[in-house]
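Please walk through this two-chain model with the viewer open.

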Amino acid sequence: MAVLLVAEHQNGRLNDATHKAVAAAAQIGGPIHILVAGHDVTACAEAAARLAGVEKVLVADDPLYAHQLAEPVAALIVALAGSYTALVAPATASGKNVMPRVAALLDVMQISDITKVLAPDIFERPIYAGNAIERVQSAEAKKVVTVRTAAFQPVGETGNAVIEKLAPGPDPKLSRFVSETLSASDRPELCSARVVISGGRGLQATENFTALIAPVADALGAAIGASRAAVDAGYAPNDWQIGQTGKVVAPDLYIAVGISGAVQHLAGMKDSKVIVAINKDEAAPIFQVADYGIVGDLFTILPALKEELAKSR
Amino acid sequence: MKILVPVKRVVDHNVKIRVKPDGSGVELGNVKMAMNPFDEIALEAALRLKEAGHATEVLLVSIGTDEAAETLRAGLSLGADRGLFVKTDVRLEPLAVAKLLKTVADVEGPGLVIMGKQAIDDDCNQTGQMLAALLGWSQGTFVSKIELGKAPGENMITVGREVDGGIETLALTLPAVVTVDLRLNAPRYPTLPNIMKAKKKAIETRDAAEFGIDIAPRLNILETLAPSARKAGIKVASAAELVNRLKSEARVI
């Protein structure tokens, strides 16, 4: 039997989280079908059809799914669920919103945020902000799983799956989209960037993200993140937050600036390949996980770092 | 309108937990416990709605072993009106909790359920969505803003949700389940008069077995492991040395 993977997409573009979730779905085993639910998502469905290892793409293209509201999307997935042994989605804001609703409607206990597939029914997932790893076995006939995308490598775009159109499902008419305020950025997306530079409370102001972090990010082609403290203080928008309750990233290079390194923050970045910490407090816990640390004033180190990066080009 | 606020007793968020050496779980003996921080935010949101005249009663419910009743008492001393303690020694999973909460909601008839978006112990982030599904209600997850319409007959709530790209605003038909994120509010502290008052507030205790629901765990926890630890690296003296090492040693730039 097959695996149904729910695609993550925004503004008509397939998100890299889908590529990574396909890798997890492949480890669960069986043919992989991708569901693209949205409105005006032809290009997105075509992109999904190119993902390696995908057999079929199901497209529900209807205004009903324009904002991927949990109630209609869950109803659609439940209607399709009969032919699948596993229902999988990346653990993005959208996947986390929809999949537990699906699981409950199917009377299945979901396995959230898996980081490893050990067998089609055995998974590893972090608990306590990643301070423990639980190995769980599910006896459910149908598995409902969300995937921590930072733990899986994206599949390539060498596939050629068939695309099948679906009629829209029922409209539960329970919620209505009003508006959205999205942060526009030309930078790489936080969860798929190869380099991430994050600022903490030490930055002291929004302007310092712009004046000090952004130039270094530009020099490195990096995405910009933030600690919860910086977001709570209003220095950075919520969608930059990295940590237990924010985004989880695992880039090749993570630079933590003015971040002390609370366990809740480490939960979101400690699987990065190389970690750099810049902090004036020598005793900051961030240095215990950093490969390279500079103890000093970020207000002088960041401009110097920008200069050095420019020189080394 | 009655607001139902489910609360969970978890290891205090300041505690650095330890995995038992035999892999059987996390060390919970002599560890400080507290109300799940997201649930405190949910309770605060409910109390503010009541203070603003949108709600008539804030009902707290907690499910678990005897100690969960302490968490209810803590919530009552913050201003909740009444507590319901559903007692069980079964290891609870989100689906089971959602089923028990559904029964509570069926009996109590709240107009709104406000709860934490996740518990900081199992980090599942499921229960609210599952409860909404079982009740057939709308859901607003990861909410950092709540507005109740004042127009008479307008049976809607507007919520701002923290999503991956920014903030999304939805209108939900009531009754609804709302799960809250960190930036919704800053929870209050209990005051001495409220702690005294809380002692007189009623906590009803019910045995989960009376609910007639199968709450046995569906997942078998095979092992609990400590994560692979990172080692502290080296300190470098300057930005120049850092760039040099990232280039030639770590080869990441």
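What follows is a short tour of the model.

This is a predicted model, in which local features need pLDDT of at least 70, side-chain atom pairs count only at pLDDT 80 or more, and totals for chains, interfaces and linings use all residues. Residues are numbered from 1 along each chain as its sequence is written, while chains are lettered from A and ligands numbered from 1 in the order in which they are written.

Start with confidence. pLDDT is the predictor's confidence in each residue, from 0 to 100. Chain B averages 95, and 98% of its residues score at least 70. For the complex, the predictor gives an ipTM of 0.96 and a pTM of 0.95. Where pLDDT is low, the predicted coordinates should not be read in detail.

Now take chain A. Domain 1 covers 2-165 and domain 2 covers 195-311; these bounds come from an automatic or database domain assignment. The C-alpha centres of the two domains lie 30 Å apart. Five residues of domain 1 are in contact with nine residues of domain 2. Contact here means that the C-beta atoms, placed from the backbone, lie within 7 Å. The domain 1 side of this boundary divides into two nonpolar, two polar and one charged residue. Ala, Val, Leu, Ile, Met, Phe, Trp, Tyr, Cys and Pro count as nonpolar, Asp, Glu, Lys and Arg as charged, and the others, Gly among them, as polar.

Turn to the chain interface. Here 67 residues of chain B are in contact with 74 residues of chain A. Elements giving two or more residues to the chain B side include helix H3 (94-108), strand S9 (166-173) and helix H6 (239-248) of chain B. S9(B) gives the most, with eight residues. The chain B side divides into 36 nonpolar, 16 polar and 15 charged residues. Helices (H or I, at least four residues) and strands (E, at least two) are DSSP runs, numbered from the N terminus.

The chains also pair by strand. Two bridges join strand S18 (residues 292-295) of chain A to S13(B), and these strands run parallel. Strands pair if DSSP finds at least two bridges between them. Tyr292(A) has Ile234(B) as its bridge partner.

Finally, look at Thr92(A). This residue is found in the loop between strand S6 (84-90) and helix H4 (93-105) of chain A. Is Thr92(A) buried or exposed? Thr92(A) is buried, because 23 other C-beta atoms lie within 10 Å. The cut-offs are 20 or more such atoms within 10 Å for buried, 12 or fewer for exposed, and partly exposed in between, with C-beta atoms placed from the backbone. Leaving aside neighbours within four places in sequence, Thr92(A) is in contact with Glu8(A), Ala17(A) and Asp164(B).

Technical notes. Contact = placed C-beta atoms within 7 Å.
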